[in-house]
Amino acid sequence: MPALTQSIWLFWVLTLPAPVQTPAPLRGTFHVDTASHAAAPAQPATPPAKRGREIFVSWGYNGDHYTKSDLHIEQESIGNDFTLVGVQARDSKPWGNILGHSLFVPQYNVRGGVFFNEKWGLELALDHMKWIVRQDQAVPMTGTLNGASVNSQVTLTEEVLRYQLNNGANPVFVNAVRRVRLRGERGKTGFISFLAKAGGGLAFPHTENTLFGQPNEKGFQFFHGWDVDAAAALRVHVFKRLYLEAEDKLVYVRYFGVKVDRGTAAHSVKANEFIVSLGMSFR
């Protein structure tokens, strides 16, 4: 029976199932990728610079107090080259009956600018101020009059001098603006901020004058002055983006080549200007 036994053994070996191999254990960190099942990520927040950017425009009116200024007049063709020392000027009654005039009367202010972020901005400002020499004041006159030396007091009657930057002293400023939040949230009702401003620019005066009875050639004179300023303001948003602004400002303007009869005038304007404006801001 050995042959039969060998056949049975061979059949049994060939029909046995193959042994199941157990996989080797994984080594290292095990990570399940769930990105495909996660919700879509939220949109990124607006960058801080974008959140702070804001455009603003305003319209207002001003009242001014001036220090004394020396008024130098040169009329070479008739031998005049003299200075009126310590001339006092006034503004144009700014706060009387504003609603009874057009928007451009008497002394208005135009502002436009941008805040690049929460703190810093740039402003373009036109100050339509009026500088009117007070009549009948007595001032020293020094220099040359009709080719002769002069050093005496003179009373500025209308027959001697009537000098007005009456359609505007018109300094234009480019100001850096620093904003400090005092209360509330920007762009919302009740937002209050303090603004510090400083800068400079050019002026285009419009003068009406009469010198020794002779009138000048009227008109705007562009770039016949340079200026600097510094200001502090309080801005209150009375309704969302609508705001009121009260501003106190120091101004220095130096004018040159201003037309008078057969000559030119030069002088400075030193002012403390108070401005109330109504404006809007946009993002």
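Phe-204, Phe-220, Phe-222 and Phe-223 form one aromatic cluster in this predicted model. The search of the whole structure finds nine aromatic pairs; rings of Phe, Tyr and Trp (its six-membered ring) are paired if their centres lie within 6.5 Å, and planes under 30 degrees apart count as stacked, over 60 as edge-to-face and the rest as tilted. Residues are numbered from 1 along each chain as its sequence is written, and side-chain values use heavy atoms, without hydrogens and water. As the model is predicted, local features need pLDDT of at least 70 and side-chain atom pairs count only at pLDDT 80 or more, while totals for chains, interfaces and linings use all residues.

Arg-179 lies over the face of Phe-115, 3.8 Å from the ring centre, and Arg-235 over that of Tyr-243, at 4.1 Å.

Strands are DSSP runs of E with at least two residues, numbered from the N terminus, and two strands pair if DSSP finds at least two bridges between them. Strand 18 (residues 263–282) pairs in the antiparallel sense with strand 1 (residues 54–66) over 12 bridges, and here Ile-55 stands opposite Phe-282. Antiparallel pairing also joins strand 18 to strand 2 (residues 69–75), over three bridges, with Ala-266 as the bridge partner of His-72. Between strand 17 (residues 242–260) and strand 18 there are 17 bridges, again antiparallel. In this pairing Tyr-243 faces Gly-279 of strand 18. The two strands form a hairpin with two residues between them, and Arg-262 in the turn has a positive phi of about 55 degrees.

The structure holds 15 salt bridges (a side-chain nitrogen of Lys or Arg within 4 Å of a carboxyl oxygen of Asp or Glu). One of them joins Glu-123 and Arg-111, at 3.8 Å from N to O. Because Glu-123 lies in strand 6 (residues 120–127) and Arg-111 in strand 5 (residues 108–115), the pair ties together parts 12 residues apart in sequence. Both residues are buried, that is, under 20% relative accessible area, where exposed means over 50% and partly exposed in between (1.4 Å probe, protein chains only).

Lys-259 and Glu-217 form another salt bridge, their closest N and O atoms being 3.9 Å apart. This pair links distant parts of the chain, with Lys-259 in strand 17 and Glu-217 in the loop between strand 14 (214–215) and strand 15 (219–220), 42 residues apart. Lys-259 is partly exposed at 32%, whereas Glu-217 is exposed at 56%.

Notes:
A charge sits over a ring if NZ of Lys or CZ of Arg is within 6 Å of the ring centre and within 35 degrees of the ring normal. Helices (H or I, at least four residues) and strands (E, at least two) are DSSP runs, numbered from the N terminus.
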